[in-house]
Amino acid sequence: MLGVSERVRRAVCPGSYDPVTHGHLDVVARAAALYDEVVVAVLHNPAKQGTFTVEERLAFVESAVADAGMSDQVRVLSFADTLLVDVCRDVGADVVVKGFRSGTDVAYELPMALMNRHLSGVETVFLPGEPSLEHVSSSLVKEVVRYGGDVSGLVPDEVRDALVTRLRGDH
Ligand code: PNS
């Protein structure tokens, strides 16, 4: 019988977020429209040097989430050396939401989704990437900035400015 469930439906949007892009934020906003709560899980490996520290990545996501008016529904947390399925268990989520763009993304994402379901039963819901952001990824954005290109509109302005300082020095 159909009934009104009291259970909070919570989704995890995982990633390295090094740094967050408008592609990530589009997926988070769309996950927030589908679920009661969203946990943005910034996953990192302390042995691997990223472009930004985990504290910087968290701060960028938090301020973008606040600017988008999503703070009531979206929490941003970091996890080190952790399986995604354990993150889901710890925050009480039974679904992972991810965006996918190209066939390459599917080849990369599908084994992880199947492994996560194998490990704990957690399902992964894939949202098709917004076409205008199809070309946006953290790694491409960094490459463009490194060689002098402009990434305005692809990442929050604060992230763009931090990338220029970090990857090009002060000029
Ligand atoms: O933004 P990214 O780098 O594509 O994110 C990949 C991430 C962090 C989501 C993925 O590497 C991950 O889930 N890491 C956690 C470790 C884990 O659970 N590995 C097994 C997945 S099958």
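**Pocket, cavity and fold of a predicted model**

Trainee: Which elements each supply at least two residues of the lining of the largest pocket?

Mentor: The model is a predicted one. In this model, the largest pocket has a volume of about 1,200 Å³, and among the residues closest to its centre are Pro14, Lys98 and Tyr108. The elements that each supply at least two lining residues are β1 (10-15), α1, β2 (37-44), β4, α4 and α5.

Trainee: Which element gives the most to the lining of the largest pocket?

Mentor: The lining of the largest pocket divides into 17 nonpolar, 16 polar and 12 charged residues. With 7 residues, the element that gives the most to this lining is α4.

Trainee: How many residues does α4 give to the lining of the largest cavity?

Mentor: The structure holds 1 cavity of 30 Å³ or more, and the volume of the largest cavity is about 30 Å³. Its lining consists of Leu84, Val96, Lys98, Glu109, Met112, Ala113, Asn116 and Thr124. Both β4 (95-100) and α4 (103-120) supply at least two of the lining residues. The element that gives the most is α4, and its number of residues is 4.

Trainee: How many residues in the lining of the largest cavity are charged?

Mentor: Lys98 and Glu109 are among the residues that line the largest cavity. By class, the lining has 4 nonpolar and 2 polar residues, and the number of charged residues is 2.

Trainee: Why do the buried residues of α5 line one face of the helix?

Mentor: In helix α5 (residues 138-146), the buried residues are Ser138, Val141, Lys142 and Val145. Viewed down the axis of α5, these buried residues line one face of the helix because they fall within an arc of 100°.

Trainee: What covers the buried residues of α5?

Mentor: The buried residues in question include Val141 and Val145. What covers them includes α1 (22-34) and α6 (157-168).

Trainee: Which residue takes a positive phi just after α5?

Mentor: Helix α5 covers residues 138-146. Just after α5, a positive phi of about 95° is taken by Gly148.

Trainee: In what order do the elements of the protein chain run from the N terminus on?

Mentor: The secondary structure of the protein chain comes to 6 helices and 5 strands. From the N terminus on, the order is β-α-β-α-β-α-β-α-β-α-α.

Trainee: What radius of gyration does the protein chain have?

Mentor: Along its principal axes, the C-alpha trace spans about 65 × 30 × 30 Å. Of the 171 residues, 39% count as buried. A compact globule with 171 residues would have a radius of gyration near 16 Å, which agrees with the value for the protein chain, 16 Å.

Definitions and conventions: Residues numbered from 1 in each chain as written. Predicted model: local features only at pLDDT ≥ 70, side-chain atom pairs only at ≥ 80, totals over all residues. Heavy atoms only, no water. Buried < 20%, exposed > 50% of the residue type's maximum accessible area, 1.4 Å probe, protein only. Arc of directions from axis to C-beta. Contact = heavy atoms within 4.5 Å. 1 Å grid on protein atoms, 1.4 Å probe; cavity = no way out; pocket = protein on both sides within 12 Å on 5 of 7 lines; lining within 4 Å. Points joined across faces, edges and corners; volume = space filled by probe spheres on them. Nonpolar A, V, L, I, M, F, W, Y, C, P; charged D, E, K, R; others polar. Rg over C-alpha atoms; globule rule 2.2 N^0.38 Å.
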